[in-house]
Amino acid sequence: MSSQKKLLLIDGNSVAFRAFFAMHQALDHFTNQDGLHTNAIYAFKNMLDIILKKIEPSHVLVAFDAGKTTFRTAEFSDYKAGRSKTPPELSEQFPYIRELLSAYGIQSYDLDNFEADDIIGTLAKEAEAAGFTVDIVTGDRDLTQLTTDKTTVNITVKGVNEIEAYTPEHVQEKLGLLPSQIIDLKGLMGDTSDNYPGVTKVGEKTALKLLAAHESIEGVYEHVDEMKASKLKEHLIEDRDQAFMSKMLATIRRDAPLTVGIDDLAYNGPDLETLIAFYQAMNFKSFLNQLNVTSEEAVPVESYDYTVLTNDNLTLLSELTGTATFGIEMLTDNYHTAEMIGFYVGTPKHWYVSDDVALLAEPIFKDWLEDADQTKAVFDVKRNQVAASRLGIELAGVEFDLLLASYLLNTTNNSNDLGTLANLHDYQNVQTDEQVYGKGAKRALPEELTTFYQHLVQKAAAINQLQPQLVAQLKEHQQFDLFTDMELPLALVLARMEITGIKVDASCLQQMGSEFIQTLKILEEKVYAEAGETFNINSPKQLGVILFEKMGLPVIKKTKTGYSTAVDVLEQLRKDAPIVQTILDYRQIAKIQSTYVEGLLKSIHQDNKVHTRYLQTLTQTGRLSSVDPNLQNIPVRVAEGRKIRQAFVPSQPGWQLFSSDYSQIELRVLAHISGDVNMQEAFKENRDIHANTAMKIFGLTSADQVTPDMRRQAKATNFGIVYGISDYGLSQNIGITRQQAKSFIEAYFEQYPGVQQFMVDIVKKAREEGYVETLFHRRRYLPDIHAKSFNLRSFAERTAMNTPIQGSAADIIKVAMILMQQELTKANLQAKMLLQVHDELIFEAPEAEIPILQKLVPSVMDSAVSLAVPLKVESGFGPTWYDIKK
DNA sequence: AGGCTCACG
DNA sequence: ACGTACGTGAGCCTA
């Protein structure tokens, strides 16, 4: 809310019309529980938000037309005659738009015998006199007659999400007229949509010429006798009365007898409870979601006709035109192994389903699927790509993925379920998989085949229906390129990597495992001996009792449920009792054994490989994550764990593993986006960034004054900065006092002032816009930035600082991966990209191709984007992942 | 199902 | 006065 006096006046009828037709294509699936159409209400709300955010008014009113008859129809009975009737689907929504406004704390107003324009004109005049600036929003250009140096008229263009601001200068630019001359223009040329006549044969061109010469209609008629004889002169004389009447009709009244005053219009924001109740009544899931309110799943109302495909009717496929929806159905997550239970394909003209995926491999179907010119819309392109690949099909031509689009629009929508996401985008006519198949052990095909088929068709229809809406939103967010040029092609690259998999030497793991088991046994006995009893070492609860109650060690940290026994705690207790070190040793080995030896062994497939799945739509920053197994957290920091990497080997004899990683990519990204000159200089001169920081914060003059410990602390500070620093966090991390940490940070910001400015600016942006963005417009919303709770708010602020850095780094390696796959294909190499670990890419290749990769991979990676600082890439290779040394 | 711990960038 | 480093996944234990 602005502290200045700023009045916003909205032409309710005009905006509602725009809203209705902007979402007309979605009319049928925008209905609530009672069958009320809600598309105009929905779009009106969206537009209202945009306007409120842009204008930031202190006072607001929305004016509506009262009825069919006004003082204008009394003057001229044909006024607005012949206008097509307001569609009933819109009429029924007007009362609810008013209800919405009321929940927003905004007055809506109409007045007998007057139009919305007159209410607006009158209030604008009053407000100007009272020292307000005024913004008017409408789709009707006639209102531009109201522009003054204090009143701006904003005209909605292109649907409902863009507005064009008319000031007197802008009117002059567009029409060459003063705002006050617009009524003269209308008087002369008439208005077909309002159905008043003007002067015969006079259109915009002629009228503008006349007004340029004589300023007003009055002026024109003062000089009409001087005009030389012409058809125009005849028409002017003939239609004199019509011209003056039309001017009167076009004139917006500034003296309507209003019963509201400006003081009644103060805007203090919505009443949340009312608003939530309203959204619930309207079934607006996405708005509820924005308010962090969960809503119940809707039950689809509409069923569709469909045809079951068989071997005998596959030629029906040739009738598909335009973008078709396609999807292979599986009941479980892991698409590398899940049973394929059916598929859907089609367009709104005709939907097809089947429970026999073997049909997909029939030549006629396979050709269709592999035809890149036959465009397809899907839900989860990677899933379908991998499934198709299992049938020997290389799916091509996918132009839309509902899952990816939904993720980019709002990363918190991280469901993988089509029904859930469709509901979130206010599309109700599809059930969730859980509703149809059940969950957990009960998950199964529905008893009736027709129930299954109907669900498939509803999914197909949902993808089809939501595509235009989501594409429009992506474009609005400037994310369409991110979608089309990054996430979609990346999905195909990832599919290939997952399908290829990486070979794991099971016998190597088993041998390591048996050694670990022996060590664990010894450590276990030692713990029991030192404790004087046996207990479950893996139970933090039991361990807590032993350490803190029986042995009486000091309690350093507590968790919600009891004593903390985490590493940092145990490390502090190490000096107090020998059992602590034994427990630490046990923990370390137990972790390696259970997660990496036994866990990894369980996920090896028949082909001796592990095939991870990269989750492309999960993280809040744009990074990938990896599951089944997670190959992004294989041990490397400590020697015992690192040996696990010996089990990761090339898939063919005579091949090598090859890896390249970005060096300090996040700090380089920070140097770029913050524009900090000192940090940029350090990278441009290829200096040791942590030593450089050490010099800066310890006030040293030369690099050889930097001790290893100074460098370590500086490195931690650099990390802290990337994470959205706090003195407390830094002090905990490097074991210094909070006071010391604070002075480190102050020195840091003094030396890198651009970084400090970036931190301030990005938090401000998050507050103002509600989100932050990466270099490639990946967006993360941070509603907690306004939280009352210090904790929540601080967390959101740190996230605001970290996300553009971590997320831009994620963008960059994604670009590199797409380019890399193209290069491998182009150069016809046997080398294959296998893994991505956030800033690292891992390949396997015949030994002979290693020299090629040593040049190619770094050059692709460091030129993936062009930043203000160079990107540095380091590479290495070896016979196992363990042996890759850089 | 959720908490704790610990593996990675 | 508040009580934190950013982003993940998996295994284990305990409700």
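V345 touches L309, L317, L320, T325, F326, H350, W351, Y352, F365 and W368, leaving out residues up to four places away in sequence; contact here means heavy atoms within 4.5 Å. V345 belongs to the largest nonpolar core, which has 193 residues, and is one of the members that touch the most others, along with F365, I644, F648 and Y662. A nonpolar core is a set of buried Ala, Val, Leu, Ile, Met, Phe, Trp, Tyr and Cys residues joined through side-chain atoms within 4.5 Å. Buried means under 20% relative accessible area, exposed means over 50%, and partly exposed lies in between, computed with a 1.4 Å probe on protein chains only. Helix α34 gives the largest share of this core, 13 residues. A second, separate core of 41 residues includes V15, L36, I106 and L288.

The model is predicted, so local features need pLDDT of at least 70 and side-chain atom pairs count only at pLDDT 80 or more, while totals for chains, interfaces and linings use all residues. Residues are numbered from 1 along each chain as its sequence is written, chains are lettered from A and ligands numbered from 1 in the order in which they are written, and side-chain values use heavy atoms, with hydrogens and water left out.

Chain A as a whole has 35 helices and 23 strands. Helices (H or I, at least four residues) and strands (E, at least two) are DSSP runs, numbered from the N terminus. The C-alpha atoms of chain A fill a box of roughly 115 × 80 × 55 Å along the principal axes. Of its 886 residues, 53% count as buried. Among the contacts of chain A between residues at least 6 apart in sequence, 67% join residues at least 24 apart.

Two single residues show how such positions look in detail. R98 sits in helix α5, residues 94-103. R98 counts as partly exposed because its relative accessible area is 27%. Beyond its neighbours within four places in sequence, R98 is in contact with F64, S108, Y109 and D110. Of these, Y109 is 11 residues from R98 in sequence, and their C-alpha atoms are 9.1 Å apart. T152 lies in strand β5, residues 151-157. T152 has a relative accessible area of 18% and is therefore buried. With residues up to four places away set aside, T152 touches V134, D135, I136, A165, Y166 and T167.

Helix α30 covers residues 708-722, 15 residues in total. From first C-alpha to last, α30 reaches 21 Å, close to the 21 Å expected at 1.5 Å a residue; the expected span is 1.5 Å times one less than the number of residues. The buried residues of α30 are Q713, A714, A716, T717, N718, G720, I721 and V722. Their cover includes α27 (665-674), α29 (689-698), α31 (727-734), α32 (738-751), α33 (753-769) and α34 (790-826). After α30 comes G724, which has a positive phi near 85 degrees.

A residue is near a strand if one of its heavy atoms lies within 4 Å of it. Around DNA strand C there are 37 residues, and S539, K541, S625, Y728 and F790 come nearest. Helix α34 supplies the largest share of this surface, 7 residues. At least two residues each come from α23 (540-550), α25, β16 (625-627), α30, α31 and α34. By class, the surface near DNA strand C has 10 nonpolar, 20 polar and 7 charged residues. Ala, Val, Leu, Ile, Met, Phe, Trp, Tyr, Cys and Pro count as nonpolar, Asp, Glu, Lys and Arg as charged, and the others, Gly among them, as polar. Of the atoms of DNA strand C within 4 Å of the protein, 62% belong to sugar or phosphate and the rest to bases.

DNA strand B has 22 residues around it, with T565, R587, V636, R637 and D839 nearest. Sugar and phosphate make up 76% of the atoms of DNA strand B that come within 4 Å of the protein. R637 has a backbone N or O atom 2.6 Å from a phosphate oxygen of DNA strand B. At Q806, a side-chain N or O atom lies 3.5 Å from a base nitrogen of DNA strand B.

Definitions and conventions: Polar contact = N/O pair within 3.5 Å; in protein donor to acceptor, adjacent residues only side chain to side chain.
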